[in-house]
Amino acid sequence: MAAFEGKCSRCGKTHLLKSLEDSVLCDCWQICPVCGAEMTPYMPDTTPRTYALDGHRELQTLMFCPRHAPPFFSKQKPVEVKPDA
Ligand SMILES: [Zn+2]
Ligand SMILES: [Zn+2]
């Protein structure tokens, strides 16, 4: 069975993929860029008032690292890795 490789555009880590249509989420977005520890999920204020004008609100799950003072908040989003063409 052939395996496909895809490289994360952010951290350069190589992932194995099952097919050309396959994709994975690299876990580097969960890693604190300051200390390298795994960060903690952080849900920002989700009151309905924050709905955008078109009624569509982007799902925002942020990560933060509590090891710093003040805690480090990351805006990094998951990186989708697809097979290299
Ligand atoms: Zn990555
Ligand atoms: Zn940290």
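## Strands β4 and β5

Strand β4 is joined by 3 bridges to strand β5 (residues 62-65), and the two run antiparallel; strands here are DSSP runs of E with at least two residues, helices are DSSP runs of H or I with at least four, and both are numbered from the N terminus. Two strands are said to pair if DSSP finds at least two bridges between them. Within this pairing, T40 stands opposite F64 in β5.

This is a predicted model, in which local features need pLDDT of at least 70 and side-chain atom pairs count only at pLDDT 80 or more, while totals for chains, interfaces and linings use all residues. Residues are numbered from 1 along each chain as its sequence is written, and chains are lettered from A and ligands numbered from 1 in the order in which they are written.

## The open sheet

The strands β4-β5-β6, in that order, form an open sheet of 3 strands with antiparallel pairing. Because β4 (40-42) and β6 (72-74) stand at the edges with a single partner strand each, one side of each is left without a neighbour in the sheet. On average, neighbouring strands of this sheet are turned by 35° against each other, direction ignored, where the axes are lines fitted to C-alpha atoms and angles between N-to-C directions run from 0 to 180 degrees.

In the loop between β5 and β6 lies P70, and the peptide bond from A69 to P70 is cis, with omega near 0°.

## The chain as a whole

The protein chain has 0 helices and 7 strands. Of its 85 residues, 9% are buried, a residue being buried if 20 or more other C-beta atoms, placed from the backbone, lie within 10 Å of its own. Among contacts between residues at least 6 apart in sequence, 49% join residues at least 24 apart, a contact meaning that the C-beta atoms, placed from the backbone, lie within 7 Å.

## C26, W29 and the nonpolar core

The largest nonpolar core has 7 residues, namely C26, W29, C32, M39, M63, C65 and V81; such a core is a set of buried Ala, Val, Leu, Ile, Met, Phe, Trp, Tyr and Cys residues joined through C-beta atoms within 7 Å.

C26 lies in strand β3 (residues 24-26) and counts as buried because it has 21 C-beta neighbours inside 10 Å. Not counting residues up to four places away in sequence, C26 touches C8, R10, C11, K13, H15, V79 and V81. C26 and E80 are 54 residues apart in sequence, yet 6.4 Å apart in space, C-alpha to C-alpha. W29, leaving aside its neighbours within four places in sequence, is in contact with M63, Q76, K77, P78 and V79.

How values were computed
Buried ≥ 20, exposed ≤ 12 C-beta atoms within 10 Å, placed from the backbone. Contact = placed C-beta atoms within 7 Å.
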